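Welcome! Take a look at the sequence and the model below, and then walk through the main features with this briefing.

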Amino acid sequence: MQGTVLSGSNNVFVVECEDNTIRHCSIKGKKLKNSLGYYNPLAPGDIVEIQIDELSNELGQILSFVPRKNEFVRWNVKGRAPQLLAANLDYLMIVTTPDEPPFRPRFIDRALAQAEYAGITPIIVCNKYDLTADEDVEFRLSDWETIGYKVLRISAKTGEGIPELAELMEDKLSAFVGQSGVGKSSLINVLDSTCVLKTGSLSEKYGRGTHTTTKGTLIHLTLNEALMGGRQNAVADIIDTPGVRRFVLHDIAAEDLALYFREMKPLVGTCSFGMSCRHHKEPGCKILEAVHAGVISEERYESWQRICQEITSGSWED
């Protein structure tokens, strides 16, 4: 029988099975083929083959997983291994705020690069847009739009932009990823009025959120009919991931990073030095020419440089 992983910890996974029964399943043999090397072998959204326990219909064993359409991964610094956050996504919702916690554009640039690498469609969701956004925040949001990313300016508090988010999510599997305190759980509570997730307060000392979601969980939402123009029974699936303070890229080399910056990718290989161009000071560098011409923003180019340095040095900022 097949089932979908809803959540898991300590190698015990909650699986929603084809017969509509939710079972707690362990991995048969304790190791899953093709998942070796990962911090966690499975993620919410994974489709698995299970065998029902002979003594209890509520238990089972995971035999294997169906090859993934895609997977969203980060490097877990503490565990020194890649960590699966979500699988088989339609959208990656990168949630940020103009303030409280502070706006961190390089966090978003990293998540965008990892999404590009994974072949997942990313959407930038700026929550708490009822707070005053300074010129730098609005410039960066507009710059991402110019590059071709969809940016939603919304507020879980006032309801601004929430109907557009709900319409986008309908009948799709999305994952919310962002720093602690950006309001991922608050958004889910607004999208589905029957869903009550614990929301956290901001740490006064650091302006950072406290972790309220401790493990990734796939949640079935019945979208609030007020958001859907009165239409009833509209549904969406969301994977609520734990707040991440440092998003560290996985499996992307510094020399390949430009391939995952959408506006740089078409220029890679066209420089005078071809694929060996480092895009720093080389004459005839098409990426530098695009920066000087304003086609690539200086902010994105600087972000690309800083992330390259982080990959090379292995030292990542919050």
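**A first stop: G274**

G274 is found in the loop between β15 and α5 (286-292); helices (H or I, at least four residues) and strands (E, at least two) are DSSP runs, numbered from the N terminus. This is a predicted model, in which local features need pLDDT of at least 70 and side-chain atom pairs count only at pLDDT 80 or more, while totals for chains, interfaces and linings use all residues. Residues are numbered from 1 along each chain as its sequence is written, and side-chain values use heavy atoms, with hydrogens and water left out.

- Is G274 buried or exposed? At 16% relative accessibility, G274 counts as buried (buried means under 20% relative accessible area, exposed over 50%, partly exposed in between, with a 1.4 Å probe and protein chains only).
- The C-alpha atoms of G274 and K286 are separated by 9.8 Å, with the two residues 12 apart along the chain.

**The barrel**

- Five strands form a closed barrel in the order β1-β2-β3-β5-β4, with mixed pairing (two strands pair if DSSP finds at least two bridges between them).
- From one strand to the next, the twist averages 50° (axes are lines fitted to C-alpha atoms, for helices over the stretch in contact, and angles run from 0 to 180 degrees between N-to-C directions).
- Strands of a sheet pair through backbone hydrogen bonds, either parallel or antiparallel.
- Six bridges link β1 (residues 2-9) with β2 (residues 12-17) in the antiparallel sense, and G8 stands opposite F13 in β2.
- β2 also pairs with β3 in the antiparallel sense, over five bridges; here V15 stands opposite R23 in β3.
- The hairpin of β2 and β3 has four residues between the strands, and N20 takes a positive phi near 70° there.
- β3 and β5 (residues 59-65) run parallel and are joined by four bridges; the bridge partner of S26 in β5 is Q61.
- In a regular strand the side chains alternate between the two faces of the sheet.

**The open sheet**

- Which order do the six strands of the open sheet have? The order is β10-β9-β8-β11-β15-β14, with mixed pairing.
- β10 and β14 stand at the edges with a single partner strand each, so one side of each has no neighbour in the sheet.
- Neighbouring strands of this sheet are turned by 25° against each other on average, direction ignored.
- β8 and β11 pair in the parallel sense over five bridges, and M93 has F176 in β11 as its bridge partner.

**Helix α2**

- Helix α2 (residues 135-147) has 13 residues, which at 1.5 Å a residue should span 18 Å; its end C-alpha atoms are 18 Å apart, which agrees (the expected span is 1.5 Å times one less than the number of residues).
- V137, R140, L141, D143, W144 and I147 are the buried residues in α2.
- Seen down the axis of α2, its buried residues fall within an arc of 155°, so they line one face of the helix (the arc is that of the directions from the helix axis to the C-beta atoms).
- The face of α2 turned away from the buried side carries the exposed residues E135 and T146.
- The buried residues of α2 pack against α1 (105-118), β9 (121-126), β10 (150-153) and α6 (298-313) (contact means heavy atoms within 4.5 Å).
- α2 lies across β9 and β10, running at about 145° to β10.
- After α2 comes G148, whose phi is positive, near 125°.

**Helix α4**

- Helix α4 (residues 184-191) is mostly covered, with six of its eight residues buried: K184, S185, L187, I188, N189 and L191.
- Those buried residues pack against β8 (91-96), β9, α3 (162-169), β11 (173-178), β14 (217-222) and β15 (235-240).
- α4 lies across β8, β9, β11, β14 and β15, running at about 145° to β11.

**A last stop: Y117**

- Y117 lies in helix α1 and, at 32% relative accessibility, counts as partly exposed.
- Leaving aside neighbours within four places in sequence, Y117 is in contact with H250, D251, I252 and Y260.
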